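Q: Hi! Could you walk me through a couple of spots in this structure?
A: Happy to, let's bring it up.

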Amino acid sequence: MKKILIANRGEIALRVIRACKEFGLQTVAVYSTADTECLHVRFADEAVCIGGPSPAQSYLNIPRIISAAEITNADGVHPGYGFLAENAEFADICESHGITFIGPSAEMISHMGDKIYAKNVMKKAGCPVIPGSEGGVESADEATEMAKAMGFPVILKAAAGGGGRGMRVVWEESEIQKAFSAAQTEAEVGFGNPTLYMEKFFERPRHIEVQLLGNGKGKVIALGERDCSIQRKHQKLIEESPSPAVNPELRTKMVNAAIAGAEAVGYRSAGTVEFLLDEDGSFYFMEMNTRIQVEHPVTEMVYGVDLIKEQIRVASGDDIRHTHATTEPIGHAIECRINSEDPFKGFRPTPGTITSFHAPGGLGVRVDTHVYAGYKIPPFYDSLMAKLIVHGFDRDEALSRMGRALEEFIIEGVPTTIPFHQQVMVHPDFVKGDFTTHFLDDFVFKPEEE
Ligand code: MV4
């Protein structure tokens with residue numbers, strides 16, 4: 001590959017451009033008419049406007065993106081996360097136009113996009129999976145019988161879903177008919193596939209994910225885990241590596257289970273295996289993500305790996321540079337997502353113009369952002385403005401460093417999630433590492449002092 005088109009925007013587009021530059025690769029940005037002032041447009045070697053502000057007109061517009069690659073002679077496409085990153089058709093169209101899709105094969109994307117298939121292959125490979133239906137659940141009556149056998153509570157999920165949409169928790173038999181039809185409709189409307197499956201519902205789990213890198217020739221390595229339990233309405237807000245709940249013994253077990261599953265399918269590129277970790281230390285496969293994730297930097301910090309560069313290496317047919325990766329992380333890393341949202345008003349999105357901007361710095365501080373003073377945040381995309389990542393000798397140092405960096409961070413003009421993060425960093429349970437996916441349900445958010 002010589003020239004890579006980045007089919008994305010915002011901080012991840014910039015992140016990919018940086019990796020390309022270090023490899024001496026040419027870069028092509030694509031952008032919507034709402035993104036002319038975005039930094040990814042300025043930092044790429046070339047930029048092509050591909051359409052109007054709505055994602056459907058631009059960042060999801062496959063013909064426009066392929067045309068942009070063809071007129072610029074790009075021979076690779078990096079999809080980032082979101083948009084077309086897990087669109088098998090897009091991966092397939094890139095390949096049939098002689099453009100390398102920097103990610104797994106189209107077939108792998110569509111296989112893992114079927115959550116029932118994914119659970120079955122993982123199980124066959126010896127990885128523990130969340131107990132539940134073998135395949136799909138055909139009717140509300142079948143769901144009722146199954147739930148009674150399994151024991152309540154249960155959760156119904158869309159086979160083509162993921163990330164929290166098309167799910168229904170069912171606490172007792174009387175609710176199941178309604179929950180089934182609601183979930184089925186949501187699955188059909190949201191994903192074009194009404195198939196549902198059932199799982200035992202874990203009430204207070206942790207969300208732990210293992211980072212994988214596969215060379216596509218049968219070798220898969222793992223770069224430990226991330227704890228992504230601190231989320232709100234299925235939007236992660238804080239991630240860290242290693243997880244405070246995972247000791248070296250548990251890490252070895254989780255990593256080996258994830259590798260076994262990914263090696264069984266000959267996985268290529270970066271991927272993530274999501275586990276639920278129960279209070280008793282048992283872990284269960286939930287789903288696999290076939291993309292680079294927002295929170296990948298915390299892994300990069302503790303394993304000393306550039307995951308985007310590794311994706312590019314593997315896509316070029318080279319081997320992973322870190323085949324000798326150790327299972328043990330070095331130090332501790334935490335990421336806070338700085339969103340243009342008002343945490344005092346239910347995290348309402350707050351597009352607008354950033355009037356002043358100063359990013360924190362110093363030892364162990366990394367800021368991945370596409371914004372700057374004078375930048376106008378458009379209302380059409382997600383509200384992620386910046387990722388603040390810190391690395392420390394241990395978790396204590398990472399926490400105090402994050403506190404210090406949040407204090408240094410100046411963003412004026414729009415409300416941000418910075419004050420929220422400042423309160424979490426000193427919350428006694430968070431400091432102890434004692435939290436589950438329900439941490440924010442119980443979190444009492446103090447109004448800011450005038
Ligand atoms: C679960 C679960 C408990 N048990 N599955 C959330 C995101 C999506 N990837 C799957 N999710 C969950 N799956 C089983 N078997 C808990 C969650 C979950 C959740 C579910 C309902 C409401 C809020 C939630 C918050 C975090 C995780």
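**A histidine and a strand**

Q: Is His 332 buried or exposed?
A: His 332 counts as buried, because its relative accessibility is 5% and the cut-off for buried is under 20%. Keep in mind that this is a predicted model.

Q: Okay, which strand is His 332 found in?
A: His 332 belongs to strand 14, which covers residues 332-339.

Q: And what does the side chain of His 332 make a polar contact with?
A: The partner is the side chain of Glu 240, at 2.6 Å.

Q: Which residues does His 332 touch, leaving out those up to four places away in sequence?
A: Among them are Glu 240, Ser 241 and Pro 242, then Val 302, and also a run that includes Val 390, His 391, Gly 392 and Phe 393.

Q: Nice. Switching topic: how many residues of strand 12 are buried?
A: Nine of the 10 residues in strand 12 (residues 268-277) are buried, so that strand is mostly covered.

Q: Which sense does strand 12 pair in with strand 9?
A: Antiparallel, over 10 bridges, with strand 9 spanning residues 206-215. One of the bridge pairs joins Gln 211 to Thr 272 of strand 12.

Q: What about strand 13, how many bridges does it have with strand 12?
A: Six, and this pairing is in the antiparallel sense too, with strand 13 made up of residues 283-289. Here Thr 272 comes up again, standing opposite Asn 289.

Q: How many residues lie between strand 12 and strand 13 in the hairpin?
A: Five residues lie between them, and Gly 281 in the turn has a positive phi of about 90 degrees.

Conventions
Residues numbered from 1 in each chain as written. Predicted model: local features only at pLDDT ≥ 70, side-chain atom pairs only at ≥ 80, totals over all residues. Heavy atoms only, no water. Helix = DSSP H or I, 4+ residues; strand = E, 2+ residues; numbered from the N terminus. Buried < 20%, exposed > 50% of the residue type's maximum accessible area, 1.4 Å probe, protein only. Polar contact = N/O pair within 3.5 Å; in protein donor to acceptor, adjacent residues only side chain to side chain. Contact = heavy atoms within 4.5 Å. Pairing = 2+ DSSP bridges.
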